[in-house]
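Work through the exercises below with the sequence and the structure in view. Each task is followed by a solution in steps.

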Amino acid sequence: MSILTKMLKKKQVQRKNDNFRQKLDHSIPGELLIHKDYQENISRIKGELGNSADLGIRELKIGPYQGALLFIDGLVDGKGINEFILETLMDKKVPIEEFDLFQFVLDQTVALGSVSTITNWNELFDKLLSGCSIILLNGCNKAISGETRGGETRSIAEPTQQLSIRGPKDAFTETLRTNTALIRRRIKSPNLWIESMKIGRVTQTDIAIMYVKGIADEEIVNEVKQRLNRIDIDAILDSGYVEQLIEEQTFTSFPTTYHTERPDVVSSQLLEGRIAIVADGSPFVLTVPAVFVQFFQAPDDYYSRFDLSTSVRMLRILAFFIALIGPSLYIAATTFHQEMIPTTLAIAIAAQRENVPFPAFVEALIMEVTFEILREAGLRLPRAVGQAVSIVGALVIGQAAVQASIVSPVMVIVVSITAIANFSTPVFAMAISARLLRFALMALAALVGFFGIMLGLIVMAIHLCSLRSFGVPYMSPVAPFSGENQQDVFIRYPIWALKYRPRHIARGNIVRTGENQKPAPPKHGNSHESDDTKGN
Amino acid sequence: MNSFIRIFMLLIIVIPLLGGCWNQRELTDLAFVMALGIDKGTGNEKYDVTFQVVVPANVASSQNGGSGGQGPPVVVYKSSGNNLTEASRRATKKIPRELYYSHTSIVVIGEDLAREGILGVLDALDRDPEFRTTTVVIIAKDRKAEDLISVITNLDKLPMNRFIKTLEATEAMLGENIKVTIDDLLQGITSSGKEPVISGFIMEGSTEKGTSPQNINTTKPPAMITADGLAVIRKGKLAGWLDYNNARGAVWLMNKMQGTDIDFNWNGIKDAVSTTPFLSNTKVAVSIKNGKPFANINIETAFKLSEINTDFDNEDPKKIEVLENRVSAQIKSEVESAIKQVQEYKADIFGFGENIHRNHPKIWGEIKHDWGNQFANMDYQINVKSYYRESGLRGKPFWSDLKK
């Protein structure tokens with residue numbers, strides 16, 4: 001025991017040292033000021049960047065004065081630089097009389113929307129590496145940075161993961177600004193606030209926190225900021241990194257943050273008082289706090305009429321349970337509770353299993369694992385090969401395995417239904433959770449039958465009730481129960497009756513719709529009542 | 001403290017494992033007993049028990065994955081013992097799988113045993129957790145239960161389905177038999193002032209032919225299973241049989257009539273008019289008159305015309321009144337003859353005693369010890385009211401047009 005702890009401590013010390021070194025390495029120019037000699041500055045930048053090939057340097061002559069334009073090739077909009085910096089700089093006639101060159105260039109020549117003055121090296125590298133152009137002038141211990149971000153990015157495309165029949169067809173891209181704009185376009189309110197920060201010691205990834213001031217709970221906003229500020233990691237390559245660093249509990253299979261690639265979903269969640277976290281380089285936007293029922297609400301639910309939405313949502317919840325306990329029900333019923341199967345079916349299953357050498361549990365396990373492998377392979381395979389694999393897979397699972405008496409046809413049906421049911425959960429993260437827990441429940445069912453399944457479900461329920469997402473109970477508004485928020489849980493009320501925002505998430509401003517929103521045929525005489533009573 | 005909680009959690013996690021697949025049985029380890037036959041023992045033992053065990057592969061032979069066996073869908077094992085448990089445990093010597101009773105849907109009792117008394121077998125059927133109390137009980141009339149159980153039939157691949165479905169169909173369409181479950185039987189036997197009935201089945205043809213594949217490879221099976229009559233049980237013993245119209249009369253009186261047909265002569269033609277009652281309700285009030293129990297029986301029924309093979313004006317209210325009276329009279333005579341027959345057996349299957357018990361508990365206390373005789377001598381009055389409700393797709397029969 002003591003040896004182990006000693007070893008662990010040693011390792012920890014080592015790690016600390018590593019961190020320290022890394023920090024030292026990167027704490028390059030510190031608070032050093034920019035030199036007056038621009039050549040000196042250029043050579044310094046070259047040195048810091050290790051003569052990187054993508055560093056573009058353009059020497060300039062402004063009248064009698066010398067200067068240089070620096071940018072990172074590929075990150076900047078080349079056309080913009082040509083038109084709005086180079087052309088204007090070169091065209092300008094420089095007055096002969098005494099004047100402030102720096103101010104002149106800053107005010108009169110750089111024709112860009114966003115220009116700023118830089119005095120220290122840290123800032124200079126920040127700007128340079130995030131796609132700004134830097135203008136160094138000889139004799140000035142300041143630099144000008146111009147916003148010329150550009151370069152090749154993916155354009156807005158249709159969502160690939162969260163599809164919907166009706167509703168907007170745009171999805172987020174990898175560019176932070178595009179993403180925030182997609183949301184801003186939907187919520188044209190000054191109350192939509194965006195705060196940004198940089199996370200990742202090496203990657204310096206831009207992160208934006210978005211919320212609707214007045215609807216979102218200030219406490220949760222602060223909590224989110226605090227958790228983001230706490231992050232000390234070298235890289236943020238996707239919002240998934242952020243998710244795993246800020247979620248409440250690691251050891252749970254249930255997602256406690258919501259992610260989506262649909263701007264309309266983020267907008268609706270912002271309006272429910274949630275907070276969106278947009279990470280540069282990730283087409284998935286996180287929203288917190290997330291609650292369990294949220295993962296069964298698909299965007300279609302709100303775009304189509306309520307009766308249809310409600311029944312489809314019920315179906316989705318049913319499918320979730322099928323995906324969760326389908327195979328375990330089969331195992332329990334065939335190995336413990338044969339009396340529960342209708343006689344004819346019991347005999348039919350018995351006949352099919354007659355030649356199968358494995359117990360039901362092993363049989364189920366074989367099929368489930370085979371399917372999981374197929375699914376994973378289908379995901380990773382190059383598109384050209386994918387087709388072939390799916391045909392082989394279908395044949396292996398559907399036909400050959402049965403004919404070879406490795407599994408029974410009923411088992412194939414059970415696995416297929418389970419697999420299909422699993423895909424009907426709108427958010428993949430929740431579907432994966434059911435996929436994992438299914439195996440635990442199968443084992444329990446093989447050990448003690450329905451009793452085991454019940455035990456498993458009870459433990460699951462207790463676990464779910466103990467979860468929290470940014471202080472909000474995960475099972476709300478079911479547990480703790482909130483009567484007025486049942487409008488959007490199992491039954492999706494008509495839009496005009498969705499009166500309140502979730503009470504556990506939005507604080508204060510919770511009324512969503514105005515009075516008398518129920519549509520009705522016009523009465524005689526007055527055809528319209530005033531309809532300008534929408535809340536916020 | 002922390003380590004204590006950890007160890008505690010570990011122990012809790014281990015709990016399901018300790019169960020160790022207790023009671024786990026694969027479907028292929030089970031012998032599904034579809035029907036159980038109980039006969040009077042031929043040897044030293046009290047009972048001969050036959051188990052009709054299904055051969056799954058032969059039932060589901062048409063399906064993919066089954067072995068596609070060609071043999072009969074069931075196999076019958078026989079064993080004997082002084083009680084059911086003994087017999088079933090002894091049977092395991094011959095049967096390669098564990099006997100499983102949860103899907104047993106029928107218990108056949110041989111007539112010999114029924115005459116001697118069936119009380120000895122009921123507790124096992126009631127007590128065994130696997131056995132369902134909804135299992136149907138029938139009596140093999142003039143036969144051994146073994147014979148009925150061994151016959152294989154067509155139409156229904158599982159022979160036991162044959163019994164159940166026949167019983168259900170004839171109960172709904174003819175009304176001479178009723179489905180009696182173990183639960184009903186026990187209730188009838190234990191309640192004071194009421195005796196149970198059990199439906200009877202006969203087998204036409206020879207057992208030998210009935211048990212061979214011959215029986216299902218022909219359109220005219222040499223051995224047939226037929227529902228036939230109601231067995232009247234008195235004190236756990238078969239007292240006698242009610243047949244045809246008597247059985248139907250008893251069913252009317254027990255208020256179990258779902259549907260039947262009543263025919264009578266018209267214009268001198270035999271059974272020219274056929275009617276089918278589809279709704280009926282029987283109310284019985286038993287009172288004490290002159291120191292003797294007296295039953296007041298009221299039967300109401302609605303019927304429709306199903307066949308007229310003569311000239312008959314069914315649009316004439318007067319004719320319809322006559323028709324209704326004829327139906328009532330027919331029902332009345334059937335009920336009357338049923339009561340007379342049952343009175344001979346001294347077994348109160350109609351629950352007249354129960355009726356007195358409920359309405360006149362004090363008097364019941366005095367007469368219950370001699371109820372068999374009291375029942376046999378009691379008087380009754382039967383009022384039948386029937387209502388003409390439907391004529392089917394036609395008004396007057398075409399016979400009326402022929403006359404013109």
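Two residues are in contact when heavy atoms lie within 4.5 Å. The model used throughout is predicted.

**Exercise 1. The two domains of chain B**

Task: find the domains of chain B and describe how domain 1 of chain B meets domain 2 of chain B.

Solution. 

Step 1. Chain B splits into domain 1, residues 22-242, and domain 2, residues 245-404. Their C-alpha centres are 33 Å apart.

Step 2. Apply the contact cut-off: 22 residues of domain 1 of chain B touch 26 residues of domain 2 of chain B.

Step 3. The size of an interface is often stated as the accessible area lost when the parts come together. For these two domains of chain B the buried area is about 1,900 Å², and 63% of it is on carbon and sulfur atoms. On the domain 1 side, I178(B), G193(B) and L242(B) lose the most area to domain 2, together 26% of what that side buries.

Step 4. Between the two domains of chain B there are zero salt bridges, while seven residue pairs are in polar contact, both residues being at pLDDT 80 or more. The elements of chain B that give two or more residues to the domain 1 side are α7 (159-173), β8 (224-234) and β9 (237-242). Sorted by class, this side has twelve nonpolar, five polar and five charged residues.

**Exercise 2. The contact between the chains**

Task: state how many residues each chain gives to the contact, how much area is buried, and which side chains meet in a salt bridge.

Solution. 

Step 1. Chain B gives 30 residues and chain A gives 26 residues.

Step 2. Together the two chains bury about 2,400 Å², with 60% of this on carbon and sulfur atoms.

Step 3. The count of salt bridges between chain B and chain A is two. In a salt bridge, R97(B) and E354(A) meet through their side chains at 2.2 Å, N to O. This distance counts because the cut-off for a salt bridge is 4 Å.

Step 4. Ten residue pairs between chain B and chain A are in polar contact, with both residues at pLDDT 80 or more. On the chain B side, α1 (2-19), β1 (30-40) and α2 (56-59) each supply at least two residues. That side of chain B consists of 16 nonpolar, ten polar and four charged residues.

**Exercise 3. Domains and annotated spans**

Solution. 

Step 1. An unreviewed UniProt entry lists residues 315-336, 386-406, 412-432 and 439-464 of chain A under "transmembrane region".

Step 2. For chain B, an unreviewed UniProt entry gives "domain: Spore germination GerAC-like C-terminal" for residues 228-392.

**Exercise 4. Backbone exceptions**

Solution. 

Step 1. The bond from V288(A) to P289(A) is cis, with omega near -10°. P289(A) sits in the loop between β10 (285-288) and α10 (300-303) of chain A.

Step 2. The bond from A479(A) to P480(A) is also cis, with omega near 0°. P480(A) belongs to the segment after β12 (472-473) of chain A.

Step 3. K235(B) is not a glycine, yet its phi is positive, about 50°. K235(B) lies in the loop between β8 and β9 of chain B.

Key. Residues numbered from 1 in each chain as written. Chains lettered and ligands numbered in written order. Predicted model: local features only at pLDDT ≥ 70, side-chain atom pairs only at ≥ 80, totals over all residues. Heavy atoms only, no water. Buried area = accessible area lost by both parts, 1.4 Å probe. Polar contact = N/O pair within 3.5 Å; in protein donor to acceptor, adjacent residues only side chain to side chain. Helix = DSSP H or I, 4+ residues; strand = E, 2+ residues; numbered from the N terminus. Nonpolar A, V, L, I, M, F, W, Y, C, P; charged D, E, K, R; others polar. Domains from an automatic or database assignment. UniProt positions renumbered as here; feature names shortened; annotations may be inferred.
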